[in-house]
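Open the model in your viewer and keep the selection tool at hand.

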Amino acid sequence: MDITELTVHELKEKLDNKEITYAEVTKAYVNRINEKEKDIEAFVTNLGEEAIQKSIEIQERLKNGENLGEYAGIPIGLKDNMCTKGIKTTCSSKMLENFISPYDGTVVNKVINEENMINLGKLNMDEFAMGSSTENSAFKKTKNPWDLSKVPGGSSGGSAAAVAADMVPWALGSDTGGSIRQPASLCGVVGLKPTYGLVSRYGLVAFASSLDQIGPITKDVKDAAILLSLIAGHDEKDSTSMDMPKKDYTKALKNNVKGLKIGVPKEFFGEGIDKEVKEALNKAIDKYKELGAIVEETSLNVAEYSLATYYIIACAEASSNLGRFDGIRYGYRTKNFTNLKEIYNNSRSEGFGAEVKRRIILGTYVLSSGYYDAYYKKAQQVRTLVKNEFERNFEKYDVILTPTSPITAFKIGEKSENPLEMYLSDICTVSVNIAGLPGLSIPCGVDSRGLPIGMQLIGKAFDEETILNAGYTYEQATNFRENYKPTFKKGGNS
Amino acid sequence: MKVERQELLHIAKLANLTIKEEEIENYLVNLQDILNYANIVNKADVDGLKETIAANENYNVFRKDEIVKFEDTESLLQNAPDAELHMFKIPKVL
């Protein structure tokens with residue numbers, strides 16, 4: 001048995017039965033990281049030895065009967081936009097290359113300080129979470145474990161690739177327009193974007209505050225349910241987090257979808273969606289029917305509107321959020337200045353990468369006088385339209401089923417010169433953020449080149465249970481993980 | 001709407017960014033492409049629809065305005081590009 005191939009709930013069972021020790025678990029992951037990192041390049045900060053020391057310490061404390069968290073001693077990887085006290089938080093940007101947060105974000109505090117999980121390190125991402133391929137990282141290009149010549153998706157590409165490559169048992173990502181689900185889809189793992197307001201954003205470096213959510217990237221749906229249960233909950237430091245009773249989401253996993261009403265919006269299966277993706281999704285739909293779900297075609301004419309709306313709203317919010325990087329209190333400061341204005345201008349111009357600057361400029365443009373009504377205000381109205389369209393569908397259906405990504409993993413460099421083409425990668429996922437709903441991506445097959453295909457299950461607000469159960473039931477019936485594994489192949493011409 | 005060079009430079013100035021001469025053309029093309037796409041929102045039938053400013057209806061959340069002192073100023077200042085006497089240092093402004 002290889003420890004790193006196990007899911008967290010499998011690991012936990014073996015730990016509880018004393019078949020393996022906590023120190024062995026972390027050591028196995030650190031060894032795996034040392035073996036695979038040169039190929040995958042998933043980590044910005046690799047905590048290696050420090051993690052092993054911590055696991056030995058946790059093991060001692062558990063042996064002494066200390067009451068630590070249920071998942072104490074389980075390793076985890078964190079996307080590098082979550083503030084970790086004493087450990088660099090770079091957002092994969094030159095701007096924050098040496099930034100060490102003076103505090104832990106709420107979710108980090110929950111998993112590391114309260115639950116006592118072992119932090120294996122900080123994972124690569126598109127700079128400030130802006131991108132769909134992790135190529136916008138200022139430090140390294142993460143590779144897709146299924147084909148090293150392909151991107152892992154993004155922006156949480158380091159998190160998804162690390163989970164797929166068994167370098168971490170699970171990870172946290174963040175999702176503003178698909179940044180958990182799309183890389184999960186491209187890397188053949190499970191990714192969940194929770195309902196907006198379910199998980200605190202305190203200590204998550206802000207990209208677009210009305211869209212950002214932290215969520216799990218895991219090997220299977222049960223692990224996603226476990227990790228969600230640990231990170232969800234109200235936080236007075238994030239006034240948009242909802243005050244709701246705590247839930248154990250694993251209780252929702254019934255392995256039964258009889259009578260579940262699933263709507264399949266025809267607009268998500270049209271032009272631009274790869275033929276093999278469609279075929280895999282159609283097979284998944286047949287499987288749901290076979291399992292007793294009621295599947296119907298529906299109309300949800302929001303995909304294109306959502307993408308346009310998304311890039312207006314997200315960039316507008318980003319232009320404001322990233323205004324704080326001024327080279328004064330923290331972050332990169334230019335060497336080239338004679339006055340304060342030049343510190344601001346040159347620090348920002350040298351510290352931010354091309355895509356970040358592009359989005360700040362776009363955001364500033366749509367908020368500037370003369371264009372506010374035509375773009376920003378209109379986008380906010382379209383946002384209402386998108387919410388209404390979903391609400392109309394959820395009167396009839398429990399779950400909306402779509403592809404997660406229109407295509408499977410693409411070649412490194414293929415889209416990096418064309419921003420608009422890169423943005424189209426998010427066409428199936430952004431509407432979920434626009435409407436603030438939960439979305440789960442689970443693998444549902446591979447294409448003819450052996451690259452994973454993902455299925456997205458969208459639920460009603462705060463009804464993560466239904467999509468988790470729907471995903472779990474499908475997963476139990478199809479066993480993707482047993483049938484397909486990443487090959488780490490160097491990549492061909494396809 | 002066509003984005004002019006002067007307009008781009010004005011926007012960049014508002015955003016405290018400097019665009020190098022050799023980058024201007026590329027920014028113009030990209031921005032134009034994206035705005036052309038973003039114009040889709042103007043085709044949507046939104047007559048009479050209110051603007052949604054947030055994903056949930058969590059409007060006006062009140063709490064007591066209590067001061068919580070953050071003691072660890074060392075860890076704040078260690079991130080400063082330049083500091084002196086426990087203060088952030090900037091060039092002369094007057």
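Predicted model: local features only at pLDDT ≥ 70, side-chain atom pairs only at ≥ 80, totals over all residues.

Residues are numbered from 1 along each chain as its sequence is written, chains are lettered from A in the order in which they are written, and side-chain values use heavy atoms, without hydrogens and water.

**Stop 1.** Select residues 275-290 and 464-478 of chain A, helices α8 and α15. Their axes are 11 Å apart and the packing angle is about 95°, which means that α8(A) is roughly perpendicular to α15(A) (65 to 115 degrees). Axes are lines fitted to C-alpha atoms, for helices over the stretch in contact, and angles run from 0 to 180 degrees between N-to-C directions. Now show Ala284(A), Lys287(A) and Tyr288(A) of α8(A), which take part in the contact (heavy atoms within 4.5 Å).

**Stop 2.** Stay with α15(A), which gives the most to the lining of the largest pocket, with 5 residues. Select Glu5(A), Lys219(A), Arg481(A), Glu482(A) and Lys485(A): of the 34 lining residues, these lie nearest the pocket's centre.

**Stop 3.** Select α11 (residues 354-367) of chain A and α2 (residues 21-38) of chain B. Their axes come within 11 Å and cross at roughly 55°. Among the residues that meet here are Ile361(A) and Tyr365(A) in α11(A), and Tyr27(B) and Leu31(B) in α2(B).

Notes
Helix = DSSP H or I, 4+ residues; strand = E, 2+ residues; numbered from the N terminus. Parallel < 35°, antiparallel > 145°, perpendicular 65-115°, else oblique. 1 Å grid on protein atoms, 1.4 Å probe; cavity = no way out; pocket = protein on both sides within 12 Å on 5 of 7 lines; lining within 4 Å.
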